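Hi there,

Here is the structure I promised to pass on to you. Have a look at it first, and then read on for what turned up.

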Amino acid sequence: MKRALVTRPREEAEELAAALAARGVEALVEPLMVVHYRAAAPDLEGVQAVLCTSANGVRALARASGERRLPLFAVGEATAARARSEGFERVASAGGDAADLARLVAERLRPEAGRLVHVAGSVVAGDLAGALSRRGFAVERRVMYEARPVAALSIAAADALRAGAIDMALFFSPRTAALFARLAAAAGLERAMAAVTAVSISKAADAALGGFVWRSRVVAERPDRTALLDAVDVVLARH
């Protein structure tokens, strides 16, 4: 059985592990970020829609607020699926990245109908607020969670990489990819990557992996989980 190193926070990693298992791939879950939620609920008075660029943003909002009827615009289908599972009633998915989300919001909403709240982490990718502000929208970014990096790779992950027991490693963000590269180098694992295929959700994530010599490097066609799993299928077909 093939083995994949999954570097997502644990809640997302567990869902991904099930999708990998259906493909005959065993997941070694190695969260490189630990998510800490903030309890303060955002002020939604006069807000016409909420914007979420991650499933963690949806979780943070659901934990802090009982509001479920406001329209929620999600960056991709995984974030949208989390919103639906949390009980949000009016969910739309941009099926891409922050730029795609800005375009969808601009197509569906009007600036004069009310402000927008972007529920986000302490670190964000892209400039969603800027893109919408240029279109005349008032956007408030509310930081409702923080993804804190771990200090080192686990012994289990380091040993598996060193032993050549990992066939592929999955990366969902430039930040996580860069952190993995730093932690792997600190553990003296540079040569171990020659046996591993890196599967990244975007070109930016792939570029953040640095100068390791990998068995191969594959980038998803779109920045979402479905496309990344399609990339995994490509790797499996090759090997």
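**What turned up**

Let me start with Pro9, which is found in the loop that joins strand 1 (2–6) to helix 1 (10–21). One thing to keep in mind throughout is that this is a predicted model. Pro9 has a relative accessibility of 14%, and because the cut-off for buried is under 20%, Pro9 counts as buried. Setting aside neighbours within four places in sequence, the contacts of Pro9 are Pro31, Met33, Val35 and Asn56. Val58 is 49 residues away from Pro9 along the chain, and 14 Å separates their C-alpha atoms.

Asn56 and Val58 bring us to helix 2, where both are buried. This helix covers residues 55–64 and is mostly covered, with eight of its ten residues buried. The buried ones are Ala55, Asn56, Gly57, Val58, Arg59, Ala60, Leu61 and Ala62.

Now for the chain as a whole. The protein chain has nine helices and eleven strands. Its radius of gyration is 19 Å, close to the 18 Å that the globule rule gives for 239 residues, so the chain is as compact as a globular protein of that length. Along the principal axes, the C-alpha atoms fill a box of roughly 60 × 35 × 30 Å. Of the 239 residues, 50% are buried. The accessible surface is about 10800 Å², and carbon and sulfur atoms account for 50% of it. Among contacts with a separation of 6 or more, 62% are between residues 24 or more positions apart.

The largest nonpolar core contains 28 residues, and Leu161, Phe180 and Trp214 have the most contacts inside it. Helix 6 (155–162), strand 9 (168–171) and helix 7 (174–186) are the elements that each give two or more residues to this core. Helix 7 provides the largest share, with six residues. There is also a second, separate core of 22 residues, including Leu16, Val29, Met168 and Ala227.

Not counting residues up to four places away in sequence, Phe180 touches Leu5, Leu32, Leu153, Leu161, Phe171, Met193 and Trp214. Two of the names in that list, Phe171 and Trp214, come up again among the rings.

How many aromatic pairs does a search of the whole structure find? The search gives five. In one of them, the ring centres of Phe171 and Phe180 are 5.1 Å apart and the planes are at 55 degrees, so the pair is tilted. Phe171 and Phe180 are both buried. Ring pairs also link Phe171, Phe180, Phe212 and Trp214 into a cluster.

Arg8 lies over the face of Phe172, 4.1 Å from the ring centre. Arg68 has its charged end over the ring of Phe88, at 4.7 Å from the centre.

Is Ala99 buried or partly exposed? Its relative accessibility is 37%, so Ala99 counts as partly exposed. Ala99 and Val75 are 24 residues apart in sequence, and their C-alpha atoms are 8.9 Å apart in space.

Key: Residues are numbered from 1 along each chain as its sequence is written. This is a predicted model: local features need pLDDT of at least 70, side-chain atom pairs count only at pLDDT 80 or more; totals for chains, interfaces and linings use all residues. Side-chain values use heavy atoms; hydrogens and water are left out. Buried means under 20% relative accessible area, exposed over 50%, partly exposed in between (1.4 Å probe, protein chains only). Rings of Phe, Tyr and Trp (its six-membered ring) pair if their centres lie within 6.5 Å; planes under 30 degrees apart count as stacked, over 60 as edge-to-face and the rest as tilted. A charge sits over a ring if NZ of Lys or CZ of Arg is within 6 Å of the ring centre and within 35 degrees of the ring normal. Helices (H or I, at least four residues) and strands (E, at least two) are DSSP runs, numbered from the N terminus. The radius of gyration is taken over C-alpha atoms; the globule rule is 2.2 Å times the number of residues to the power 0.38. Contact means heavy atoms within 4.5 Å. Accessible areas come from the Shrake-Rupley method with a 1.4 Å probe; for residues, only the protein chains shown count as cover. A nonpolar core is a set of buried Ala, Val, Leu, Ile, Met, Phe, Trp, Tyr and Cys residues joined through side-chain atoms within 4.5 Å.
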